[in-house]
Structure formats: C-alpha cells, structure tokens
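Biologist: I'm new to this structure, so could you take me in for a close look at helix packing? Please tell me which residues touch, and how the axes lie.

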Amino acid sequence: VKRLDALRAIDETVGDHPLVITCGATARELASISRRPSHLPLLDSMGLTSALGLGVALGHPGPVTVIDGDGSLLMGLSVLATLACYAPPNLTVVVLDNGQHASADELESQAARIDLAAAAAGFGLAVRRCADVEELTALLAGRPGADAFALVVAAIEPGNAPGIPLLLADPAVLAATFSAALPSA
Amino acid sequence: VPKPATPRLAAVADGLLDWGLETFVYVPSSHSAPVIRNLLAAGVRAVMANREDEAVAVASGLVLSGRRAAIVMQDNGFGNALTALTTLSLAYHVGLPIVANSRGGLGEYNAMIQSISARVPDLLAAAGVRVFGLGPSDPVPVWRRTVSSAAELAGMQRAPIVTLFDALHPALEVAP
C-alpha cells in the first residue's frame, strides 16, 4: 500500500469529520490530494499527534480520526497509556507504519524491528491491523457511530511520493479554520 | 495521607474554577497535588498525562475543540514541554493557561532541581511564553485573581500563559 493511497482512502471515508494529521511527508501528501477545513495537519510537533487528537476527541462530541506514523508514535509512546486510560469512543487512531522515518531521509524506525500493534495491545488498546486499502476503508467505514476507541495499524510501503509540494500553511490559520469547522467550537 | 490544600493552593484551584475550567490535564506533582485534588473534588474532568509535552498536546486539542482547558504541573517539566509549547500552542495560537508550582527556591529540599527550575522563567521568556508569578508576599485573593486573570488572558491572546506559584517558600508559614 502506498501512503498516498492510504491517505486518499482515509480522507474519503472520514469526510468532513475532524482529522488530525502527523507532520512531514504525511501531512504534505494528504494536502496534495485533499484539503478540508476539518483537517488539522501538524507542521512540526512530531510525537504529539495522537495526544492532540485525544484532546480533540475529549472536547468534540462527534467522530475524530488521527493519522499518526510509526516514527511519530514511537517519539511519544507514553500516549498509548493515556489513550488506554481515557479511550474516548469517538476516537480512531490510524498508524501508518512503514518501518521508517520517511520524512527523515527514510532512515529506519524502530518499528521495523518491533511490533507496534502488539505493543499497543499490551496497553489494553483495541487494535486492528490491516494490510490493504480495502481493509482500511472497511475498518473506518464500519465505525460511523464511533462507539468504541480503536487503534488501527496499517502497513504501508516505505518511501515518499515524488513531486509533492511543501505545505507552507500558516498554523494559526489552520487552527482557526479547524476550530470553526467543529460544531462544538 | 494527602495534605489538605493551604489557602493559597486552594486559591489556585478556585481561580481556575472562577474562569470556568471544564477539563484540566495534569502531570502529577506533590506540591500541585492539593490543587489537583481540589479540582477533582469540584467535579472537574481530569486527564492525567505522563509527560508535560503530552499534556500540552492533549490540552491544546481540548482548546481547539472549544473547551476551557488548563494544565496543572510542576515547573521542572517545562524542559519536556518546550517543543510542544512553541511548535504547537504558540504556532497554532492556542489559548492555554498553565499553572505550575515552582521549585528550586527558598525552602527547597532537593539539591538538583534548581538546575532547571531556577531557569524556567528565563527559558519560557526566551521561548516567547508569558509568565506571571505568585509568592508569599501575595495575599490569597491575589493568588486566586491572578490565576483566573491569566487564564482569561490566555484565551483572549490565544497563547499559552504560565502562572508559577511558589508553594515551598518558608515565609508562607508566616504570611497572612
């Protein structure tokens, strides 16, 4: 699965519900195919995506989805314990796992040697694995009511899509647009 | 046995309640514990974080979703929190009140902690985060009003604002 295809599937399935996106190539690739007011891409803040999404899910009554990466999740791994403790039913965290820091010159991540899904399950989280776009789409589409927290670990190919432009957005504008798109804000 | 909140520590919690706090995110600290317990007793929703940067991210998400959220922590955690405060809260204009007990000053019993805590106001100022301070010379009503006003200011200015309170100063025992 190419990351671009996984991102397209997530975007089409999540629609206009809030979507928090990890930094680097992931945010750039998604922005190259879809930009919605309900998207909150991080331009830096590696390691904090799932924690930020947890906060949004605790404050917003509707479904909230996070796109994290294996490297970013590993940088803030303590959030797995926090997710397990609070587990808002309206939150879905999708970890795109390519076993590398694709935005850091494609250096290997520790996820290449450890099983992130098993680690998350060890915290007591409800973990789903998927290996193709159809399965990912079905997993997300099967959660319209978002009645239980889930962490999805999706295996993707290493590397970055070529020719993707930089994401030079003003973070203050991104945040204001995102907040305004939430009914509760 | 948990220590009851002193009037000044109770005022920190009351100041946040005056502001309309809906959820607080905290990183456990013995000197902030009375504040945390008072907020819990008041029925405020709490989220315990394991690290201060994680707390900043969770609280920022709450604020961006329209909630009145704040962080309760200890000042030696600002080293952990700096990247989150700058690249997330400051950059994304998140109005985030933070109350933190300060360490390393008079009455300190830990020989190491001053190496970070004494420098926290300068670190935060260098990062562009505004700081207000509360100590033994400030009466209880001033503590309460300062905390609520700083929280209000954070929301208005859409920025993280820190209130450092000194819960260790020996003069607190004789302060009116």
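Modeller: Let's start in chain A, where A:S50, A:A51 and A:L54 of α3(A) meet A:V79, A:T82, A:L83 and A:Y86 of α5(A) (contact means heavy atoms within 4.5 Å). Sorted by class, this contact between α3(A) and α5(A) has five nonpolar residues, two polar ones and no charged ones (Ala, Val, Leu, Ile, Met, Phe, Trp, Tyr, Cys and Pro count as nonpolar, Asp, Glu, Lys and Arg as charged, and the others, Gly among them, as polar).

Before going on, keep in mind that this is a predicted model: local features need pLDDT of at least 70, side-chain atom pairs count only at pLDDT 80 or more, and totals for chains, interfaces and linings use all residues. Residues are numbered from 1 along each chain as its sequence is written, chains are lettered from A and ligands numbered from 1 in the order written, and side-chain values use heavy atoms, leaving out hydrogens and water.

Back to our pair: on the chain, α3(A) covers residues 49–59 and α5(A) covers residues 79–86 (helices are DSSP runs of H or I, at least four residues, numbered from the N terminus). Their axes lie 9 Å apart, and the packing angle is about 20° (axes are lines fitted to C-alpha atoms over the stretch in contact, with angles from 0 to 180 degrees between N-to-C directions). So α3(A) and α5(A) run roughly parallel to each other (under 35 degrees; over 145 is roughly antiparallel, 65 to 115 roughly perpendicular and the rest oblique). The crossing of α3(A) and α5(A) is left-handed (the near helix is turned anticlockwise from the far one by less than a right angle; clockwise would be right-handed).

Now hop over to chain B for another pair. Here α1(B) meets α2(B), which spans residues 33–41; the axes of these two helices come within 8 Å and cross at roughly 45°. That angle makes α1(B) oblique to α2(B), and the crossing of α1(B) and α2(B) is right-handed. On the α1(B) side, the touching residues are B:L9, B:A10, B:V12, B:A13, B:L16 and B:L17. From α2(B), B:P34, B:V35, B:N38 and B:L39 come to meet them. In this contact of α1(B) with α2(B), nine residues are nonpolar and one is polar, with no charged residue.
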